[in-house]
Amino acid sequence: MQRGATDTVAFTAGLVLAPLDAWDRLVAAFESRNALQDEVLRLEQENRVLKGQTQRLASLLSENARYKALLNSARDIEDELVVAQITSLSPDPARHVVILDKGAADGVMEGQPVLGAEGLIGQIVLVGEYNSRAVLITDSAHALPVQVNRSGLRAIAEGSGAIDRLVIRHLAATTDIRVGDLLVTSGLGGRFPHGYPVARVTNVTITPGDAFAMVNAAPSSALDRGRHVLVVARAAQQSDSTNP
Amino acid sequence: MNRAHASWVIYLSLVAALLVMFIPVPLEWRILRPEIAALTLFYWTLALPHRVGVATACTLGLLQDLIEGAPIGLSSPGLMLATLVLLFSYQRVRQYDVAQQSFVMLVLLLLSSGVEQWLRNGIDIPVIPLSGMLALLLSMLCWIPVRSILRHSRRHYEVY
């Protein structure tokens, strides 16, 4: 019943959005040839840079695997990625929930992490046959275990309800955390795989006399930009579903 | 004993009002979305209290929750309570002019969203921030066009 409802709602949203989509396509069709050529050039350059950067990835991965084998630790599972598109936002103004155009038929399951271009953006909470709902990390009911990349310090990053801010409470005022530190998923709890970038620390407020520092961070991926996201389809299979 | 006539207009208008929820708006502007569905419900309760009432309010609330992906039953109790209040007082509210009626609508919306906030608080879902009140004020202004559109269609299709 829930599956059917998710699909029906997404389908209706698609119907309402159809005229707008058609308009977008019409505008795109008349986009000038020059603009498209520029775009191709830019993408080619970007592709070349990215290719250059990934050349060493294969060797690094196998090297890493060898070291891990030496250390007798389990090899990281390579994640399978499903490309999905954000079709609409939930109308509930208190939540940060998006509707994606991939569902159970594409291997999407509850609890799977959702990645944006520059890092983690959320997780799947409701799955229909061909659509699903994902809650973003900034939703004020969402929290995820993170780690400071520089020092390995573990913490919980909570959503603030504002689209560009995460908060970390309950860090001792003497903790080593600085503005600009990158927060990555720590993998604790088994929900999110280890090592995806989440946010960057934007300010650390230490009030003298308070036991805890107040840390704010900005998500690495702009959560309100872009339409394409990646759903990590393998990582959450071993974890049981707990409420986000 | 009177039989319903053209009651499809009622349900069509409620569905159309629900579709308004799908219109895409920027993330920060969702808070300003007026409660067209609730206003439509209140209009029909006011005009045809023998056709539309607490049961319709309950169904509408369930559909709203499905669309929002909220826990089922989050918005029904508030809408049902507001409809009930309107059912007790429709004869008086009908005598008011449009401006006065829109204030009544504001009170009804405050009542229904108040109950919803209370439920959200109770089951630990994020509550709507205080700026959500702006949406209620906007809804109050929407009462005038909503009322005139529905009134025209009611008379044109002779809904009773």
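Below is a short chat about a predicted two-chain model.

Q: Ground rules before we start: which pLDDT cut-offs apply?
A: The model is predicted, with local features needing pLDDT of at least 70, side-chain atom pairs counting only at pLDDT 80 or more, and totals for chains, interfaces and linings using all residues. Residues are numbered from 1 along each chain as its sequence is written, and chains are lettered from A and ligands numbered from 1 in the order in which they are written.

Q: OK, how many residues of chain B are in contact with chain A?
A: 19 residues of chain B, against 23 residues of chain A (contact is C-beta atoms, placed from the backbone, within 7 Å).

Q: Which helix gives the most to that side of chain B?
A: Helix α3 (residues 54-68), with three residues; helices here are DSSP runs of H or I, at least four residues, numbered from the N terminus.

Q: Switching to α5 of chain B, what span should helix α5 have, and why?
A: 36 Å, because 25 residues (98-122) are taken at 1.5 Å a residue, times one less than the number of residues. Its end C-alpha atoms are 36 Å apart, which agrees.

Q: Which residues of α5(B) are buried?
A: Gln101(B), Met105(B), Leu108(B), Leu109(B), Ser112(B), Ser113(B), Glu116(B) and Arg120(B). Buried means 20 or more other C-beta atoms within 10 Å of a residue's own, with C-beta atoms placed from the backbone.

Q: And what covers them?
A: The cover includes α2, α4 (76-95) and α6 (132-156) of chain B.

Q: What follows α5(B)?
A: Asp124(B), with a positive phi near 65 degrees.

How values were computed
Helices (H or I, at least four residues) and strands (E, at least two) are DSSP runs, numbered from the N terminus. A residue is buried if 20 or more other C-beta atoms lie within 10 Å of its own, exposed if 12 or fewer, and partly exposed in between; C-beta atoms are placed from the backbone.
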